Amino acid sequence: MRNLIAFLLRFQGVMLFVLLEVVSLFLFVTNSSYQRAAFFNSANTYAGTLMARRTQVTDYFRLGELNKQLLADNAQLRQQLYPPDFARREADSLPVGRDTLGHLIYRHLRPDPSQALASAAGQAAAPTGKPRPAAPRPDTLLLGGAKLATRDVAYPLVPARVLNNSLRAVDNYLTLSVGTADGVQPGLGVLSANGVVGQVKSASAHYATVFSLLHSKMAIAAKIKRDGTFGSVKWPGEDYSHALLDYIPRQNRLAVGDSVVTSGYNAIFPEGVFVGTVESFVKEPDKNFWTVNVRLGVDFSRLTYVYVVHNRPRTERDSLEAALTAPEPTPAKAAKPTTPPNRPRR
Amino acid sequence: MSVLGTLVRQLLRFGLYAGFQVLVVGQLPPLLGLGWCFLYLGFVLFLPLGTPISLQLLLGFGIGLAMDISYDTGGLHAAAAVLLAYLRPWVLRLLTPRDGYDAQDTVNVHQMGWQWFLVYLLLLVSIHHAAYFFLELGSFQHPLRTLARVGVSILFTSTALLIVQLLFSPVRRKRS
C-alpha cells in the first residue's frame with residue numbers, strides 16, 4: 001500500500017497530465033456534435049454576459065458603421081413598399097390560338113372595360129365614391145433574396161445581435177444574444193440580410209452558439225438559381241469570403257456571376273435564400289464534378305445583426321425522414337405530435 | 001508570502017489574464033491575417049518557479065478551459081495549455097543557471113537576463129503554438145500555411161508577453 005502511494009506520488013505529474021489531456025481532447029473531439037450541455041461553450045451564462053458587456057462597450061466605437069448597415073437594410077426593405085410601375089399591371093387578354101383565317105384568338109381574362117362600366121353603372125350607387133381599399137401591407141420580408149413571412153406568430157424570425165465571431169479558426173462559431181427564452185432551439189438556421197450565416201448549435205436561456213458557415217463540418221444544400229442544379233456549399237478553410245460549391249456535374253454549363261441559393265433540401269433554411277455568387281470554376285482531371293468557387297454574400301468580418309429562422313415543415317419532415325430511415329421507429333417519438341417549439345414570451 | 005496571499009494573488013492573475021485576453025487581445029485583428037495573440041499563456045509561463053507540477057497542470061487546464069468556453073473550441077486551448085504546463089518544468093531544468101535557481105528567483109526578464117528569458121519564452125511558446133495549430137487542423141494537410149500561422153503567432157504572442165514583462169515585472173538588480 002505504501003509502495004502504491006509512493007508510486008502515485010512519484011508519477012503524479014505524468015498521470016495528471018495524461019488524464020487532463022484525455023479530458024480536453026475528448027471535449028475537443030466531441031465539440032462539433034449537438035449533444036453537449038450548453039455549459040462548455042460560449043452560450044453559458046457567464047461567458048454570454050461577459051461578451052454582451054464587451055459588445056455594449058465596443059459598439060460605441062462603431063455606431064456609425066452599425067447605423068450605416070441598418071440604413072442599408074432599411075432602404076432595401078422600404079424599396080419593397082414601392083413596387084415598380086408595372087407591378088400591378090396584368091394582361092387583359094391572352095392569345096389562345098388561331099382561327100381558320102390565321103388570326104389570333106384572344107381570350108379576355110377580365111370582363112371588357114365597357115361591360116364592366118355598364119354593370120357598375122347598373123349596380124348603381126351602393127358603394128358610391130368609396131375608394132378602393134388600400135393595398136394590404138406587405139407581410140413578407142425579403143431576406144437574402146427569399147421571401148419570409150414576417151407576421152407568422154408561431155414561427156417568428158428572431159432578430160439577434162452577434163456577440164462573438166471568429167474567422168481565423170478551422171471551425172468557427174458565433175455567439176448570439178438570444179436563447180431558448182426567445183424561442184431559439186438547436187438546429188435552427190441563421191440568416192443575415194445578405195444571406196446564409198449558419199445553424200444554431202446549442203442554446204441556453206439567453207444566449208446561443210451557432211455553427212458558422214465557416215466550419216469544416218458545415219454543408220449547406222444549395223442550388224444554382226438560374227437552372228436549379230443542386231449542389232452543396234462547403235467551406236474549405238483559409239478565406240472567409242469564399243466557399244466551394246460541390247457536386248455540380250461536369251456537363252453542366254456554368255457562368256461567372258450566377259447566384260447560388262439554398263435549395264431547401266435539408267429543411268434548415270427556406271428555399272431560395274442567397275448564399276453567394278459563382279466567381280470562378282475549373283474542371284479538375286480526376287473529378288466528376290466542377291470545382292466551383294463561390295463568393296459568399298455575407299461579409300463575416302462585419303457581422304452584427306442576424307435572424308434566427310424557423311422553417312415551418314421542419315418538425316414534420318424530420319420526423320417523417322427519421323421514420324423512413326430508422327429501422328424501428330420508437331413509439332415515443334412516432335406518437336409525438338408535431339407541436340411547434342416553445343412559443344416566445346412576449 | 002502566506003499561502004492565502006499567494007492564492008489570492010494567483011486568482012487575481014488568472015482573472016486579469018483571462019479577462020484581458022477575452023475582452024481586449026482576442027478582439028485585435030489577426031497579425032498579417034494569420035497570427036493570433038495567446039496572451040493568456042503568460043499566466044502559466046510566469047507562475048512561480050517552485051509551483052508543484054500537479055498544481056501547474058490544473059491551472060493550465062483551468063485557464064485553457066476558460067478560453068475554450070469563450071471561443072467555442074471544445075478542449076483545444078486546454079489540451080495545448082496542459083502540454084505547456086507539463087513541459088515547463090523540463091524547460092526550466094534544461095535552462096538551469098550554473099549555480100541553480102535561487103529561492104527568490106521568478107520568471108523575470110530583469111532577474112534572469114534577456115538571453116535566458118528569450119530562450120525560455122520562445123521555446124515554450126513555439127511548442128504550444130505548434131501543438132495548438134496542428135491539433136486544430138486535425139491533420140498535416142496544409143503544412144506551409146499552418147507553419148506560417150504558427151510562426152506569425154509566435155511572434156505576436158512573444159512580443160506581447162515581453163511587453164507584459166517589461167511593464168509589470170519588478171526591476172531588481174541583476175544577479176552578478
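Predicted model: local features only at pLDDT ≥ 70, side-chain atom pairs only at ≥ 80, totals over all residues.
Colleague: Which residues make the contact?

Modeller: From H4(B), the contact has B:Leu76, B:Ala79, B:Ala80, B:Leu83, B:Leu84, B:Leu87, B:Arg88 and B:Val91. H6(B) puts in B:Tyr120, B:Leu123, B:Leu124, B:Ile127, B:His128, B:Ala131, B:Tyr132, B:Leu135 and B:Glu136.

Colleague: And how do the residues of that contact divide into nonpolar, polar and charged?

Modeller: In the contact of H4(B) with H6(B), 14 are nonpolar, one is polar and two are charged.

Colleague: OK, the other neighbour. At what angle do H6(B) and H7(B) cross?

Modeller: Roughly 140°, and the axes of H6(B) and helix H7 (residues 143-168) of chain B come within 9 Å.

Colleague: Are they roughly antiparallel or oblique, then?

Modeller: Oblique: roughly antiparallel needs an angle over 145 degrees, and H6(B) and H7(B) are therefore classed as oblique to each other. H6(B) passes H7(B) in a right-handed crossing.

Colleague: What does H6(B) bring to the contact with H7(B)?

Modeller: Among the residues from H6(B) are B:Leu121, B:Leu122, B:Val125, B:Phe133 and B:Phe134. On the side of H7(B), the residues include B:Thr146, B:Arg149, B:Val150, B:Ser153 and B:Ile154. The contact of H6(B) with H7(B) divides into ten nonpolar residues, six polar and one charged.

Colleague: Switching to the interface. How many residues of chain B are in contact with chain A?

Modeller: 25 residues of chain B, and they are in contact with 28 residues of chain A.

Colleague: Which element of chain B gives the most to that side?

Modeller: H3(B), with eight residues. The elements giving two or more residues to the side of chain B that touches chain A are helix H1 (3-23), helix H3 (53-71), H4 and H6 of chain B. That side divides into 15 nonpolar residues, seven polar and three charged.

Colleague: Where is B:Phe46?

Modeller: B:Phe46 is in the loop between helix H2 (41-45) and H3 of chain B.

Colleague: Why does B:Phe46 count as partly exposed?

Modeller: Because B:Phe46 has 18 C-beta neighbours inside 10 Å, and a residue needs 20 or more to count as buried. The C-alpha atom of B:Phe46 is separated by 19 Å from that of B:Leu65, 19 residues apart along the chain.

Colleague: On to chain A. How many helices and strands are there in chain A?

Modeller: Chain A has seven helices and 16 strands. Chain A has 346 residues, of which 30% count as buried. Of the contacts in chain A with a separation of 6 or more, 58% are between residues 24 or more positions apart.

Colleague: What's the strand order in the barrel with E5?

Modeller: E5-E6-E9-E8-E7-E16 of chain A, six strands that close into a barrel with antiparallel pairing. The twist from one strand to the next averages 45°.

Colleague: How many bridges pair E5(A) with E16(A)?

Modeller: Four, between strand E5 (residues 158-165) of chain A and strand E16 (residues 305-309) of chain A, in the antiparallel sense. A:Arg161 stands opposite A:Tyr305 in E16(A). E5(A) is also joined to strand E6 (residues 173-176) of chain A by three bridges, again running antiparallel; there A:Val162 stands opposite A:Leu176.

Colleague: What about E8(A) and E9(A)?

Modeller: Strand E8 (residues 195-203) and strand E9 (residues 208-212) of chain A pair over five bridges, in the antiparallel sense. A:Val200 stands opposite A:Val210 in E9(A).

Colleague: Which helix of chain A lies across E5 and E6?

Modeller: Helix H3 (residues 45-59) of chain A, running at about 90° to E5(A).

Colleague: Then there's the barrel with E10. What's the order?

Modeller: E10-E11-E12-E15-E14-E13 of chain A: six strands, closed into a barrel, with antiparallel pairing. Neighbouring strands of this sheet are turned by 40° against each other on average, direction ignored. Strand E10 (residues 219-224) is joined to strand E11 (residues 230-234) of chain A by five bridges, and A:Ala222 has A:Gly231 in E11(A) as its bridge partner.

How values were computed
Residues numbered from 1 in each chain as written. Chains lettered and ligands numbered in written order. Contact = placed C-beta atoms within 7 Å. Nonpolar A, V, L, I, M, F, W, Y, C, P; charged D, E, K, R; others polar. Pairing = 2+ DSSP bridges. Axes fitted to C-alpha atoms, helices over the stretch in contact; angles between N-to-C directions. Buried ≥ 20, exposed ≤ 12 C-beta atoms within 10 Å, placed from the backbone. Parallel < 35°, antiparallel > 145°, perpendicular 65-115°, else oblique. Left-handed = near helix turned anticlockwise from the far one by under 90°.
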